[in-house]
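User: I've got a model open and want to check how its labels were assigned. Can we go through them together?

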Amino acid sequence: MSDQLEQTILRLATRPLGLVNAGWSLLDANAALRRCLGVEASRPLTSMPDWLGHRWPLDPDYIARSPADCAIDIPQVGRLCCRGQINRSDNEPAFLMELHSPLRFKAHPASFNHSDWRTLQLTKSLEQERGRFRATFEEAPLGICHVLPDGSFLRVNRTFCDITGYSEVELLRRTFRDITHADDLAADMAHIELMLAGSIRRYTLNKRYLRRDGTFVWAELTVSLVRTPDGRPSYFIAMIEDISERIRTEERLRLAAKVYEHMCEGVFIADRQLNLLSVNPAFAQMTGFCEADCRGLSLTMLLSERQPPNFFQTLSEQLHEWGTWQGDVWFSQRSGRTFPAWLSISGTRGQSGEWAHYVGVFSDISLLKQNEAQLYQLAHHDPLTAIPNRLLLQSRLEHAINLSQRQRKTIALVFIDLDDFKTINDTHGHLAGDQVLITVAQRLSNRLRSGDTVARLGGDEFVILVENTPDEFDMLPFITSLLDCIREPIAYKDGVSLTVSASVGVSLYPHHGEDAVSLIDSADRAMLEVKQAGKNAPAFSRGRD
């Protein structure tokens, strides 16, 4: 190849072109190549011995060879193609070139298809970013999809497919309207219209997607719009989170709140020190304290002092150990009145495992207590005179005997039988007889000390239990006063006055019996002796048979 032709080719070539020898030394370069190399036209190329950095072959025949083989093989082939990294004059790698060298000339013209090194690095970086974006899109824990303005799906990720139950292919054949619950579509479309009009940049709403199996799933949808450079809508970006469990939890909480608000029982929530945090309306209604009054107030401040001794200490210890307690308590109202309640407290643990909060539920049991008292009254008191009956007398007598055994005290049992009571019933009627029994019971009750008991056994028989008595002689004035009060006239209707006397028998513990039955029998026998002797007098038991 002539020097003139070489120079002509170099001068006319618009792409980087140079002459290299078999050792890849650069002999000459046109202006385009010099610009790539950063070498001025006046600077000799010999000043760049390391212009060509790493190189590697493009031809398949050279794939298995090392880069150093390229120069050795130049005389043996008709063309050489390889790729190399060109070093600029400042030794910075700036280009990646493909070198094409025909071998028909003694000096080999090499053409260079070059790319800017930084551009290649940027391209590589962009490819990596695209890969990361694809991985983020596909592996995101949220459903992501791109939706065209007409509603059809452009791209969908794997999570969105899992949420809806459709495959990617099936979704790409549908629009978002096809899989939106009919009741939620209008709200979705309204937001889309606002976004297309430019009124909003994004929106978030909860909606239901129809799954492939016919069920629906609740999702939180967040949508934004991507526009073209000239402002035209390109596609929507939608992010979808499955919130079905959240919706179910919220529904349970709403139901719990309704129950809390509408329960007839008082409910409170307290911290671990039993300071009130929240109360329901029934609590306020029963106690007179609203939530604002109670917040921060200790539960112990609302419980009456009528609790048993050490109640609060026992309550605190049981809650600390077991997290639960239940029983009868007395609540105080704002008015100062107290009322009985059945209270149940249960604890909830915090993250540390300790009891963090307590939930208390109580109900007013005033009516129940009244009913219990009425049942007790009926079971243990005479319905006509309202004084204790045989059952209550038996219980109190046994208790008095046990106490006397320990304290070595004497007990007196006074058996009273009204004389000729049947005559009053026959003459004036049973209402008159009832009036006599009621009056006698009242008079006897008024004569007793606070610890003594008068009971009606039935008919016209009464028994008085006198605890801690001396001997029988000291009992005579008391018994005489009983007979006197019984003999006093009893006013009846229409000015009628009723008069009655009584026969009295007395037994002493432990002289005349060591148990309730024997004491009553001894007093009863003594009373019968008085009846036989003429009535209207007292008599002491003669001892055990």
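User: Which residues have the most contacts inside the largest nonpolar core?

Analyst: Quick caveat before that: this is a predicted model, so local features need pLDDT of at least 70 and side-chain atom pairs count only at pLDDT 80 or more, while totals for chains, interfaces and linings use all residues. Residues are numbered from 1 along each chain as its sequence is written, and side-chain values use heavy atoms, with hydrogens and water left out. Now the core: it has 34 residues, and those with the most contacts inside it are Ile416, Leu418, Val436, Leu444, Phe462, Ile464 and Ile486. The helix α16 (472–487) is among the elements that supply at least two residues each, and α16 gives the most, with seven.

User: What makes a set of residues a nonpolar core?

Analyst: They must be buried Ala, Val, Leu, Ile, Met, Phe, Trp, Tyr or Cys, joined through side-chain atoms within 4.5 Å. Another core, of 26 residues, lies apart from the largest one and includes Ala270, Val329, Leu343 and Ile345.

User: Why is α14 called oblique to α15?

Analyst: The two pack at an angle of about 140°, with their axes 6 Å apart. Angles under 35 degrees count as roughly parallel, over 145 as roughly antiparallel, 65 to 115 as roughly perpendicular and the rest as oblique. An angle of about 140° falls in the rest, so α14 is oblique to α15. On the α14 side, the contact (heavy atoms within 4.5 Å) is made by Phe421, Ile424, Asn425 and His428.

User: Why is the pair of Phe311 and Trp325 called edge-to-face?

Analyst: Rings of Phe, Tyr and Trp (its six-membered ring) pair if their centres lie within 6.5 Å; planes under 30 degrees apart count as stacked, over 60 as edge-to-face and the rest as tilted. Here the centres are 5.5 Å apart and the planes are at 80°, so the pair is edge-to-face. Phe311 sits in helix α11 (residues 311–322) and Trp325 in strand β14 (residues 324–332).

User: How do you know that Phe311 is buried?

Analyst: Its relative accessible area is 9%. Buried means under 20%, exposed over 50%, and partly exposed in between (1.4 Å probe, protein chains only). So Phe311 counts as buried, and Trp325, also with 9%, is buried too.

User: What makes Phe283 and Phe362 a link between parts of the chain?

Analyst: Phe283 lies in helix α9 (residues 281–287) and Phe362 in strand β16 (residues 355–364), so their pair ties together parts that are 79 residues apart in sequence. Both are buried.

Terms used. Helices (H or I, at least four residues) and strands (E, at least two) are DSSP runs, numbered from the N terminus. Axes are lines fitted to C-alpha atoms, for helices over the stretch in contact, and angles run from 0 to 180 degrees between N-to-C directions.
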